[in-house]
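Student: I am new to this structure. Can we go through it in short questions and answers?

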Amino acid sequence: MGTSSLAALAGMGLFAMLIMAVVGILLAALVLSVAFRFAVGYMPSYLRALGAVVLTWIAGVVAMILISFVSSGGTGGFLSLLVQFLVGALVVNYLLLSQNGSQIGFAKACVVQAIYTVIFIVLALILAVIVAVLFGSMLAHG
């Protein structure tokens with residue numbers, strides 16, 4: 001009993017999405033560590049940053065689901081972005097501590113989250129340009 005080629009392609013696609021999600025989470029933890037270094041002055045533990053990224057993602061998904069129940073249209077998108085930012089800053093404040101073991105404060109956690117967001121936007125733009133050049137060159141030669 002063989003596997004159809006569509007099922008094999010679907011399985012390969014799901015495996016590729018899993019690999020991209022894992023690499024994305026690992027990269028997000030590294031970017032969060034670098035943003036924390038810029039704002040606070042030292043690099044936190046990578047595992048704590050990884051935990052902060054995963055916890056922020058889970059809390060953000062729950063918050064976006066709750067926001068989708070109470071809002072509609074374009075306001076829901078902006079509101080969920082704002083809530084994601086605030087939840088990320090809250091998690092950074094509680095999980096990534098200063099060198100003496102105390103919390104860094106919510107304002108400084110918001111600065112860390114803003115730097116983190118800017119770094120990710122820059123990385124996304126660079127990746128988009130690379131992909132556009134790749135596909136553009138494929139179209140020109142194909």
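Student: Is Phe120 buried, partly exposed or exposed?

Tutor: This is a predicted model, and the values are computed from it. Phe120 has a relative accessibility of 28%. Buried would need under 20%, and exposed would need over 50%. So Phe120 counts as partly exposed.

Student: And Tyr116, is that residue buried or exposed?

Tutor: The relative accessible area of Tyr116 is 15%. The limit for buried is under 20%. Tyr116 is therefore buried.

Student: About how many helical turns separate Tyr116 and Phe120?

Tutor: Both residues belong to helix H4. They are four residues apart there, so the separation is about one helical turn.

Student: How many aromatic pairs does the structure hold? What kind of pair do Tyr116 and Phe120 form?

Tutor: The structure holds two aromatic pairs. In the pair of Tyr116 and Phe120, the ring centres are 5.3 Å apart and the planes make 80 degrees. Planes over 60 degrees apart count as edge-to-face. Tyr116 and Phe120 are thus edge-to-face.

Student: What angle lies between the planes of Phe36 and Tyr42?

Tutor: Phe36 is buried, and Tyr42 is buried too. Their rings form an aromatic pair, 5.7 Å centre to centre. This pair is edge-to-face, with an angle of 85 degrees.

Student: Now the pockets. Which residues lie nearest the centre of the largest pocket?

Tutor: The largest pocket has a volume of about 490 Å³. Its lining is made of 21 residues. Nearest the centre lie Thr56, Gln84, Gln113, Tyr116 and Phe120.

Student: How many residues of that lining of the largest pocket are charged?

Tutor: The lining has 15 nonpolar residues. Another six are polar. The number of charged residues is none.

Student: Which elements give two or more residues to the lining of the second largest pocket?

Tutor: The second largest pocket has a volume of about 280 Å³. Met20, Val23, Gly24, Leu27, Phe120, Leu123, Ala124 and Leu127 line this pocket. The elements that give two or more of its lining residues are H1 and H4.

Student: How far apart in space are Ala124 and Ala39?

Tutor: Ala124 lies in helix H4. Its relative accessibility is 43%, so Ala124 counts as partly exposed. Ala124 and Ala39 are 85 residues apart in sequence. In space, C-alpha to C-alpha, the separation is 21 Å.

Student: Which residues does Gln113 touch, leaving out those up to four places away in sequence?

Tutor: Gln113 lies in helix H4. Its relative accessibility is 7%, so Gln113 counts as buried. Beyond four places in sequence, Gln113 touches Gln84, Phe85, Gly88, Ala89 and Val92.

Student: Last, which side chain makes a polar contact with the side chain of Ser98?

Tutor: Ser98 sits in the loop between helix H3 (73–95) and helix H4 (106–141). With a relative accessible area of 17%, Ser98 is buried. Leaving aside neighbours within four places in sequence, Ser98 is in contact with Tyr42 and Ile104. The polar contact, at 2.5 Å, is with the side chain of Asn100.

Terms used
Residues are numbered from 1 along each chain as its sequence is written. This is a predicted model: local features need pLDDT of at least 70, side-chain atom pairs count only at pLDDT 80 or more; totals for chains, interfaces and linings use all residues. Side-chain values use heavy atoms; hydrogens and water are left out. Buried means under 20% relative accessible area, exposed over 50%, partly exposed in between (1.4 Å probe, protein chains only). A polar contact is a pair of N or O atoms within 3.5 Å; within protein, one must be able to donate a hydrogen and the other to accept it, and residues adjacent in sequence count only if both atoms are side-chain atoms. Contact means heavy atoms within 4.5 Å. On a 1 Å grid over the protein atoms alone, a cavity is a set of points where a 1.4 Å probe fits but cannot get out, and a pocket is an open set with protein on both sides within 12 Å along at least five of seven lines; lining residues have an atom within 4 Å of a point. Grid points are joined across faces, edges and corners, and a volume is the space filled by probe spheres set on the points. Ala, Val, Leu, Ile, Met, Phe, Trp, Tyr, Cys and Pro count as nonpolar, Asp, Glu, Lys and Arg as charged, and the others, Gly among them, as polar. Rings of Phe, Tyr and Trp (its six-membered ring) pair if their centres lie within 6.5 Å; planes under 30 degrees apart count as stacked, over 60 as edge-to-face and the rest as tilted.
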